[in-house]
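Thanks, everyone. Let me put the structure up, and then we can walk through the packing together.

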Number of protein chains: 2
Amino acid sequence: MARAVAGPEIERLVQLLARVPGLGPRSARRAALQLIKKRDSLMAPLAGAMQEVLGKIETCPVCGNLDVRSPCLVCADPTRDPTLIVVVADVSDLWALERAGAMNARYHVLGGTLSPLDGIGPDELNMASLAGRVRQPTAGGGTVAEVLLALPATVDGQTTAHYVTELLRETGVKVTRLAHGVPVGGELDYLDEGTLAAAIRARTAL
Amino acid sequence: MARAVAGPEIERLVQLLARVPGLGPRSARRAALQLIKKRDSLMAPLAGAMQEVLGKIETCPVCGNLDVRSPCLVCADPTRDPTLIVVVADVSDLWALERAGAMNARYHVLGGTLSPLDGIGPDELNMASLAGRVRQPTAGGGTVAEVLLALPATVDGQTTAHYVTELLRETGVKVTRLAHGVPVGGELDYLDEGTLAAAIRARTAL
C-alpha cells in the first residue's frame, strides 16, 4: 500500500492473516476487510474460537494427536479397535486417513519423519512410547495385533518406516504398510514409472 | 470428515475459518491445523490482533471509512488535499485507490451502490452528509473544488453516480468520474466492445 489508510492495528491483522496457509498478502487484505465488516457475525466468534482452542489444546500423551482434551477424542473412543495402531508422521495425516473413513483404529503420531540432514533423529520424534504401547495389554485385555505404517512414500518416510519396523521387531507384532499403486481416478499416462512398477508388482486377481 | 478426530472446539474453528474469504472448507482444515501447530507464534498473536481491532474499530463519522480511530487516519491526515473528495462505494475501493498511490485526496465511502431491486436506496447509504461536506469550508479555510466519483462501472454504479451528481448540482462543485479505457497491460483482443468504444471516444493526442 502506498501509505497507511488505517491504523497499525489493522495493518498488523493483515500481516498475521497473510501468514495463514491458503492466504497470501493480497487475499489477507481482502480477508481482513471482510472480517472487519462481519465483525459481529464472523471476527468475534472466530477470535473467541481461537482463544478457546488456545486455552485447551494439548498434545495427547498416549498417541501424540492434538486435541482440546487429554487423552484425545480418538484415544478416548471405546468403539475403536485397540488392536490396530496406525503410525502417521503428522496430525494432518491422521485427519486425512479419518476422512477416508476406511478404518476404525487407534493412531500414533510421530510428529515428523527421520531426517538426518535436518538433524531430526528418533529422539526428536514421538517414538519412545510406541514399543511400550504395543507391549501393553489393550483396554479389552487383548494385545495389539498390527501396526500399520501410514508414512509418506518419500525417502525420509521410508527411512522412518524401516526404523520403526526394527524398533518393533522384538515385540513380535505384525507390521504392515500402505499399498503403492494407481490412485483411484488416476490416468496411467500421468503416473510416474515407480508407481506404475509398484502397481504392476502388486497386481491383484479379478 | 467421516467422524470427529478432535473436539468440537476445533471443528468450530475450522467452520469459522471456512467462512473467511479466500479459504474454503478444505484449506480451512489445513489452516486450522497450522494455526494449532503455530499456536504461540501465530494463533495467539492473530487472536489478539482480532480482539484489539474488535475493541477499537469504528466507522469514521466524517467519511465512512473503517478504522481503529475516529476520525479515521485518512481524515486526520493534515497533508491530504482537502479540496478533492473521492466518492467510493466500499472501503475496499478506498484501499485499492490508495494502493495505486495516484492521489492525495480525502474520501467519502457510500457503503454500497443504489440498488432498487435489493431495496438499497439513498437512505441506506452514507449520502446525507456528502453535500454538507462539500459546502463546508475545508480545514485550510478553502472550499472543496472537485468531487471524483470512483464508482463501479456497473449499472448500479452508474445509477449511483448519476444520483450523486444530481445531489451535488446545487453546490456548484465540479463533479468528475474515472476514465474508461484499455487497462494498462491489457490485450485489445480480449476487451469487450463497450470498453473499446469508450477508449476510442476518449482517445488522446500523442
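Before I give helix and strand percentages, one definition: helices are DSSP runs of H or I with at least four residues, and strands are runs of E with at least two. And keep in mind that this is a predicted model.

Start with the record. UniProt, in an unreviewed entry, lists "domain: Toprim" at residues 83-183 of chain A. In the model, that stretch is 33% helix and 18% strand. Its end C-alpha atoms sit 28 Å apart. The record also has "zinc finger region: C4-type", again unreviewed, at residues 60-75 of chain A. Residues 60-75 of chain A come out at 19% helix and 12% strand. Here the end C-alpha atoms are 8 Å apart.

Now the helices. In general, two packed helices are described by the angle between their axes and the distance between the axes. Take α1, residues 8-17, and α2, residues 25-37, both in chain A. Their axes come within 8 Å and cross at roughly 125 degrees. That angle is why α1(A) counts as oblique to α2(A). The crossing is right-handed. Who makes the contact? From α1(A), the residues are A:Ile10, A:Glu11, A:Leu13, A:Val14 and A:Leu17. From α2(A), we have A:Ala28, A:Arg29, A:Ala31, A:Ala32, A:Leu35 and A:Ile36. By class, that gives 9 nonpolar residues, 2 charged and no polar.

Next, between the chains. Helix α3 spans residues 39-56 in chain A and residues 39-56 in chain B. The two axes come within 9 Å and cross at roughly 145 degrees. Which hand is the crossing of α3(A) and α3(B), left or right? It is left-handed. On the α3(A) side, the contact includes A:Met43, A:Leu46, A:Met50 and A:Leu54. On the α3(B) side, B:Met43, B:Leu46, B:Met50 and B:Leu54 are among the residues involved. The contact of α3(A) with α3(B) divides into 14 nonpolar, 4 polar and 2 charged residues.

On to the sheets. Chain A first. Its open sheet has 4 strands in the order β4-β3-β5-β6, paired in parallel. At the edges stand β4 (106-109) and β6 (174-177) of chain A, each with a single partner, so one side of each has no neighbour in the sheet. Neighbouring strands are turned by 25 degrees on average, direction ignored. Strand β3 of chain A, residues 84-88, is joined to β4(A) by 4 bridges. A:Val87 has A:His108 in β4(A) as its bridge partner.

Two helices pack on that sheet. Helix α5 of chain A, residues 91-100, touches β3, β4 and β5 of chain A, at about 155 degrees to β4(A). Helix α7 of chain A, residues 155-169, touches β5 and β6 of chain A, at about 165 degrees to β5(A).

Chain B next. An open sheet of 4 strands again reads β4-β3-β5-β6, with parallel pairing. Its edge strands are β4 (106-109) and β6 (174-177) of chain B. The twist averages 25 degrees from one strand to the next. In chain B, β3 and β4 pair over 4 bridges. B:Val88 stands opposite B:Val109 in β4(B). Helix α5 of chain B, residues 128-135, lies across β3, β4 and β5 of chain B, at about 160 degrees to β4(B). Helix α6 of chain B, residues 155-169, touches β5 and β6 of chain B, at about 165 degrees to β5(B).

That's the tour.

Technical notes:
Residues are numbered from 1 along each chain as its sequence is written. Chains are lettered from A and ligands numbered from 1 in the order in which they are written. This is a predicted model: local features need pLDDT of at least 70, side-chain atom pairs count only at pLDDT 80 or more; totals for chains, interfaces and linings use all residues. Side-chain values use heavy atoms; hydrogens and water are left out. Axes are lines fitted to C-alpha atoms, for helices over the stretch in contact, and angles run from 0 to 180 degrees between N-to-C directions. Angles under 35 degrees count as roughly parallel, over 145 as roughly antiparallel, 65 to 115 as roughly perpendicular and the rest as oblique. A crossing is left-handed if the near helix is turned anticlockwise from the far one by less than a right angle, and right-handed if clockwise. Contact means heavy atoms within 4.5 Å. Ala, Val, Leu, Ile, Met, Phe, Trp, Tyr, Cys and Pro count as nonpolar, Asp, Glu, Lys and Arg as charged, and the others, Gly among them, as polar. Two strands pair if DSSP finds at least two bridges between them. UniProt positions are given in the numbering used here, feature names are shortened, and annotations may be inferred rather than shown by experiment.
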